[in-house]
Amino acid sequence: KNVWDSEEKKLKSGKSIINKSWDGYVIRNLEEYIFLTQKAGIKEKDIVTDAGIYIMNTESYSLWRDRGIQNFTIQYELTSYEMRCLTDKPGAEMIIYTHIPMMVSAQCVSYNTDTCAMISGKGMNRQIMIKDMKGREFIDVNYCKYCYNTIYQKETLSLMEYEDELYDKGIRNFRYDFTVEDNDKVNNILMGQCDEPSQTGH
C-alpha cells in the first residue's frame with residue numbers, strides 16, 4: 001500500500017518513472033496491471049506479463065487475453081512438453097538469459113546482519129552472497145528505495161543455444177533479463193560470450 005500511494009502521488013505530480021516514455025511495461029502481479037491501466041492510463045497492448053504470473057495453460061492465457069493483455073512470458077517452471085499449448089499463441093515471449101528470482105522479501109539481509117543502508121548511506125542497493133543449509137549460494141540484492149530484497153539463483157538460466165528450437169515451436173519474442181550484470185558482462189552476453197556456469201531449467 002505504501003508503494004502504491006507513493007507512486008500515485010508521484011504520478012499526479014508528473015515525477016513518477018511511469019511518466020517517462022517507454023516502449024512497454026513488464027508486470028509481475030495483478031496489482032501492477034490495475035495500477036498501470038486504471039491509474040496511469042497505460043494501454044493493455046503495451047503490457048507484458050512476466051514469468052511470475054502463471055500463464056501455464058490455455059485457460060489462464062484466455063483470462064489475461066480477455067483483459068486486453070496481448071503479450072505474456074512463458075514460465076520458468078514449464079518443461080518443453082508442458083509449454084507446447086502456449087508457444088504458438090500470439091504474444092508468447094521467453095526469457096533465454098537471466099538469474100531466476102527465488103524470493104522477494106521485506107526482510108532485509110543487510111539490516112538484519114549489519115545496519116540499514118538507507119539510514120547509514122553506505123552499501124545501498126548492494127549485492128550480498130548468502131548460503132542455504134546445503135551450502136548452495138544465492139545472490140541477495142537490496143533495493144533500498146522501496147525497502148525490499150530480491151534473492152536470485154547464483155547460477156544463470158541460459159537458453160541461448162536453444163533459440164532456434166524454441167523459434168520452431170512458435171515463439172517469436174526472446175528476452176535477456178539482466179539483473180546483477182555489469183556493462184561489460186551485458187555486452188559479452190549479447191555477443192554470445194557466456195562463459196559462466198549456467199543451467200537450462202527444465
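## The sheet around strand 7

Strand 6 and strand 7 run antiparallel to one another and are joined by five bridges, in what is a predicted model. Within this pairing, Met129 has Ile139 of strand 7 as its bridge partner. The two strands make up a hairpin with five residues between them, and in its turn Gly135 has a positive phi of about 85°.

Strand 7, which covers residues 137–143, also pairs with strand 8, residues 148–153, again in the antiparallel sense and here over six bridges. Two of the facing positions can be named: Ile139 lies opposite Tyr152 of strand 8, and Val141 lies opposite Thr150 of strand 8.

As for burial, five of the seven residues of strand 7 are buried, so the strand is largely enclosed by the rest of the structure.

## Overall form

The protein as a whole contains seven helices and 11 strands. Its radius of gyration is 18 Å, close to the 17 Å given by the globule rule for 202 residues, and it is therefore as compact as a globular protein of that length. The C-alpha trace spans about 50 × 45 × 30 Å along the principal axes, and 37% of the 202 residues count as buried.

## The largest pocket

The volume of the largest pocket is about 2100 Å³. It is lined by 50 residues, of which Val26, Arg28, Asn29, Glu32 and Tyr148 are the closest to the centre. Two or more lining residues come from each of helix 1 (2–13), strand 1 (25–27), helix 2 (30–39), strand 5, strand 8 and strand 10 (173–177), with helix 1 supplying the largest share, five residues. By class, the lining is made up of 26 nonpolar, 11 polar and 13 charged residues.

## The enclosed cavity

Rolling a probe the size of a water molecule over the atoms shows where empty space is left. In this model the count comes to one cavity of 30 Å³ or more, and the volume of the largest cavity is about 30 Å³. Its lining consists of Ile55, Tyr61, Trp64, Arg65, Ile69, Gln70, Asn71 and Phe72. Helix 3 (58–66) and strand 3 (71–73) are the elements that each give two or more residues to this lining, and the largest share, three residues, belongs to helix 3. Sorted by class, the lining comprises five nonpolar, two polar and one charged residues.

## A buried glycine in a loop

Gly91 sits in the loop that lies between strand 3 and strand 4 (92–98). With a relative accessible area of 17%, Gly91 is buried, because the cut-off for that class is under 20%. The C-alpha atom of Gly91 is separated by 10.0 Å from that of Lys45, although the two residues are 46 residues apart along the chain.

Note on methods: Residues are numbered from 1 along each chain as its sequence is written. This is a predicted model: local features need pLDDT of at least 70, side-chain atom pairs count only at pLDDT 80 or more; totals for chains, interfaces and linings use all residues. Side-chain values use heavy atoms; hydrogens and water are left out. Two strands pair if DSSP finds at least two bridges between them. Helices (H or I, at least four residues) and strands (E, at least two) are DSSP runs, numbered from the N terminus. On a 1 Å grid over the protein atoms alone, a cavity is a set of points where a 1.4 Å probe fits but cannot get out, and a pocket is an open set with protein on both sides within 12 Å along at least five of seven lines; lining residues have an atom within 4 Å of a point. Grid points are joined across faces, edges and corners, and a volume is the space filled by probe spheres set on the points. Ala, Val, Leu, Ile, Met, Phe, Trp, Tyr, Cys and Pro count as nonpolar, Asp, Glu, Lys and Arg as charged, and the others, Gly among them, as polar. The radius of gyration is taken over C-alpha atoms; the globule rule is 2.2 Å times the number of residues to the power 0.38. Buried means under 20% relative accessible area, exposed over 50%, partly exposed in between (1.4 Å probe, protein chains only).
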